[in-house]
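The sequence and model are shown first.

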Amino acid sequence: MSASQIPPATAVPGDDVPTLLVKIFGKDRPGITAGLFETLAAYSVDVVDIEQVVTRGRITLCALVTAPSPGQGSTGSAEGDLRATVHNWAESMNLQAEIISGRGDNRPRGTGRSHVTVLGHPLTAETTAAIAAAITATGGNIDRIFRLAKYPVTAVEFAVSGAETATLRSVLAPEAAQLGVDVAVVAAGLQRRAQRLVVMDVDSTLIQDEVIELFAAHAGCEAEVAEVTAAAMRGELDFEQSLHARVELLGGLDASVVEAVRKEVRLTPGARTLVRTLKRLGYQVGVVSGGFTQVTDALQEELGLDFASANTLEIVDGKLTGRVTGDIVDRAGKARLLRSFAQQAGVPLAQTVAIGDGANDLDMLNTAGLGVAFNAKPVVREAAHTAVNVPFLDTVLYLLGITREEVEAAETHVG
C-alpha cells in the first residue's frame, strides 16, 4: 500500500463526543469477546478503549465505544436499540451487561508514572490495603493491577500515575519494611523493557556460600575468616584490608583444594532460572565478585555468563601463597566493572540492573539503573533502590515485569 492509499487516522473522541461504556460480567468461555463486538458491529460504532480480565474463571470485559449515529437503530432510538441488543445477547450467553452513557475518552493519566511491584509470602489483604493507602497518600492513582506470579511468592504489579517515582519509593520503602513485604518502584516507559544487562555479586547472591569460607574450612580457620567476612559485609572493615588478612590464612593450602571448593559451591535457589530466562530474553548477564576467579570462571562456563571478574588467588609450585594477584575487586572496583561491562555490551547505565547483598556492593547498586538488594544487610537494604528478602533469586524477574508464565515458557524452550 502506498502512502497515498493509507487511510487517515480516526480522531480521538473529544470531550463532547457521546460514548458508551459497555461492561460484561460472567463465567468465561471462548467466544465472548468476539460475540460482543459482532453485536456492536451492527451499529457501526468505533472502539475507543478495551480492557478485559479473567479471575478464577470469571470475565470482566469493558469496551468504551462511540455512541451509534441516529438512524442506526431498527426500533427508534439508536442507543436504546443498541442497549437492548447487547442485553439480549448477554442474556443468551448467561452473562450480565451494564451500559453507561458518557462523553469523550478516559481521563488522561496524571504525570509521573511508575510500576510498583509487591512481593508477598503470602500477600495479605492488610498488606495490600496499606500499600494502596500509601500510594494514595503520595497523590498517586492506581490505574491498573496485574498479577505477575502466584508462586514461589505472590507478585502483583500496580501501574501508578500522578506521583513521582522517587516520591513513591521514599514513602513505600519504610512501609514495606514495617509490613514485612518487598516493594520495588521503577519508572514506567520504554526504558524499563530495555534494561539489557544484569550484573550480580556472587557470594550470598548468585551462590549460597562465601567462597573464602569454603577455602578456610580446608585450612582449619573457618570461624576466624567468617568473623572477618561478616564485619566486612556490614561495612565495619575496609574490604581490601580484610581480604588480604583472610587470604593470608590460606597460605600453604594445596592447589587441589580449588577443585574441591568448586564442587562445594551451591547455587542460590532460582539462580539458574534467572540466568536462563534473562539470556533467552536477550539480556547480557555478568558477575563481579570480591571472591576468586578460581570459582567465578567455572560459574561463567557453567551458566553461560557474558562477563565475569573477581580477585585471583596466587598459586606457586602447587600451593596457595596467601596472596592475591592483580587489581583488587572491592566496592569501588565493582562499580567500575559494571561501567566497563555496560560499555562492552553497548548498554547505557540507565538500562542496567545490579544485584548484591553486602556493603561492598553499594556503589555498584547505586550506579546501575536499578539496584536490587538481595537478602541484604540492613545498611544495604536502606541504600539500594529496592530490596528482595525471599530466598529465590528468580523473583528479581518480577521486578522487570516478567511474569511467572513467561519464565516457565522460557524454561520449556531451553535445550
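## Contacts and fold

In this predicted model, 66% of the contacts with a separation of 6 or more are between residues 24 or more positions apart. The secondary structure consists of 16 helices and 15 strands.

## Dimensions

The radius of gyration of the protein is 28 Å, whereas a compact globule of 415 residues would have one near 22 Å. Along the principal axes, the C-alpha atoms fill a box of roughly 100 × 50 × 40 Å.

## Burial, surface and charge

Buried residues make up 47% of the 415 in the protein.

The protein has 35 positive and 50 negative charges. The mean position of the positive charges lies 5 Å from that of the negative charges.

## Helix α11

Helix α11 spans residues 293-303. Its buried residues are Thr293, Gln294, Val295, Thr296, Leu299 and Leu303. In general, residues three or four places apart in an α-helix point the same way, because there are 3.6 residues a turn.

Which elements do the buried residues of α11 pack against? The helices are α6 (211-219), α9 (257-264) and α10 (271-280). The strands are β10 (284-292) and β11 (307-316).

Just after α11 comes glycine 304, with a positive phi of about 70°.

Key. Residues are numbered from 1 along each chain as its sequence is written. This is a predicted model: local features need pLDDT of at least 70, side-chain atom pairs count only at pLDDT 80 or more; totals for chains, interfaces and linings use all residues. Side-chain values use heavy atoms; hydrogens and water are left out. Helices (H or I, at least four residues) and strands (E, at least two) are DSSP runs, numbered from the N terminus. The radius of gyration is taken over C-alpha atoms; the globule rule is 2.2 Å times the number of residues to the power 0.38. Buried means under 20% relative accessible area, exposed over 50%, partly exposed in between (1.4 Å probe, protein chains only). Contact means heavy atoms within 4.5 Å. Lys and Arg count as positive and Asp and Glu as negative; His and the chain ends are not counted. The place of a charge is taken as NZ of Lys, CZ of Arg, CG of Asp or CD of Glu.
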